[in-house]
Amino acid sequence: MWRSDIIILLYDSPPSYIPTHDDFYDRAKSLKDQLSAARKEGLDSKEYEDALACVLATLYDLVGRPVTQRLDELNVPEQSRIWWCPTSVFCSLPIHAMGLYDRKAL
């Protein structure tokens, strides 16, 4: 069975493994499809802005929140530099910008 997992590598400690739910890949693919469809409406469209806000918030729930929580558990200082190494469908998603956003702010 194929899996999608999160692995945190720190230079001075063993890797930290974060398991994901069974639907992790399917949810990520759905986000990619949602964003791709909205892009067809134009990058300046309301549809794209709404889709982008939804995708960024969902990405935070899927990836950002678990990573942030684990980094806290590992006592990694806030504002530390993180290098994301996405694979598969995540290469098509803006994980560098994920977070909770107010749609009015976009």
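**Elements, pocket and selected residues**

Colleague: Where is the place of aspartate 33?

Modeller: Helices (H or I, at least four residues) and strands (E, at least two) are DSSP runs, numbered from the N terminus. On that basis, aspartate 33 belongs to helix H1.

Colleague: What kind of model is this, and which atoms do the side-chain values use?

Modeller: The model is predicted: local features need pLDDT of at least 70 and side-chain atom pairs count only at pLDDT 80 or more, whereas totals for chains, interfaces and linings use all residues. Residues are numbered from 1 along each chain as its sequence is written, hydrogens and water are left out, and side-chain values use heavy atoms.

Colleague: What is the relative accessible area of aspartate 33, and how is that residue classed?

Modeller: A residue is buried under 20% relative accessible area, exposed over 50% and partly exposed in between (1.4 Å probe, protein chains only). Aspartate 33 has a value of 34%, and therefore counts as partly exposed.

Colleague: What distance separates the C-alpha atoms of aspartate 33 and threonine 58?

Modeller: Along the chain, these two residues are 25 residues apart.

Colleague: In which order do the elements of the chain run?

Modeller: The chain has two helices and two strands. Read from the N terminus on, their order is β-β-α-α.

Colleague: Which residues does threonine 20 touch, leaving out those up to four places away in sequence?

Modeller: Threonine 20 is in the loop between strand S2 (16-18) and H1. Its relative accessibility is 15%, so it counts as buried. Contact means heavy atoms within 4.5 Å. Without residues up to four places away in sequence, the residues touched by threonine 20 are Arg3, Ser4, Asp5 and Ile6.

Colleague: Which residues does proline 19 touch under that exclusion of up to four places in sequence?

Modeller: Proline 19 also lies in the loop between S2 and H1. From proline 19 to valine 67 there are 48 residues in sequence and 11 Å in space, C-alpha to C-alpha. With residues up to four places away in sequence not counted, proline 19 touches Arg3 and Asp5.

Colleague: Which residues are closest to the centre of the largest pocket?

Modeller: A pocket is an open set of points on a 1 Å grid over the protein atoms alone, with protein on both sides within 12 Å along at least five of seven lines; lining residues have an atom within 4 Å of a point. The largest pocket holds about 690 Å³ of space. Of its 25 lining residues, the closest to the centre are Ile6, Ile7, Trp83, Trp84 and Cys85.

Colleague: Why does asparagine 75 count as exposed?

Modeller: Asparagine 75 sits in the segment after H2, and has a positive phi of about 60 degrees although it is not a glycine. It counts as exposed because its relative accessibility is 66%.

Colleague: What is the relative accessibility of glutamine 79?

Modeller: Glutamine 79 is likewise in the segment after H2. It is not a glycine, yet its phi is positive at about 70 degrees. Glutamine 79 counts as exposed, with a relative accessibility of 78%.

Conventions. On a 1 Å grid over the protein atoms alone, a cavity is a set of points where a 1.4 Å probe fits but cannot get out, and a pocket is an open set with protein on both sides within 12 Å along at least five of seven lines; lining residues have an atom within 4 Å of a point. Grid points are joined across faces, edges and corners, and a volume is the space filled by probe spheres set on the points.
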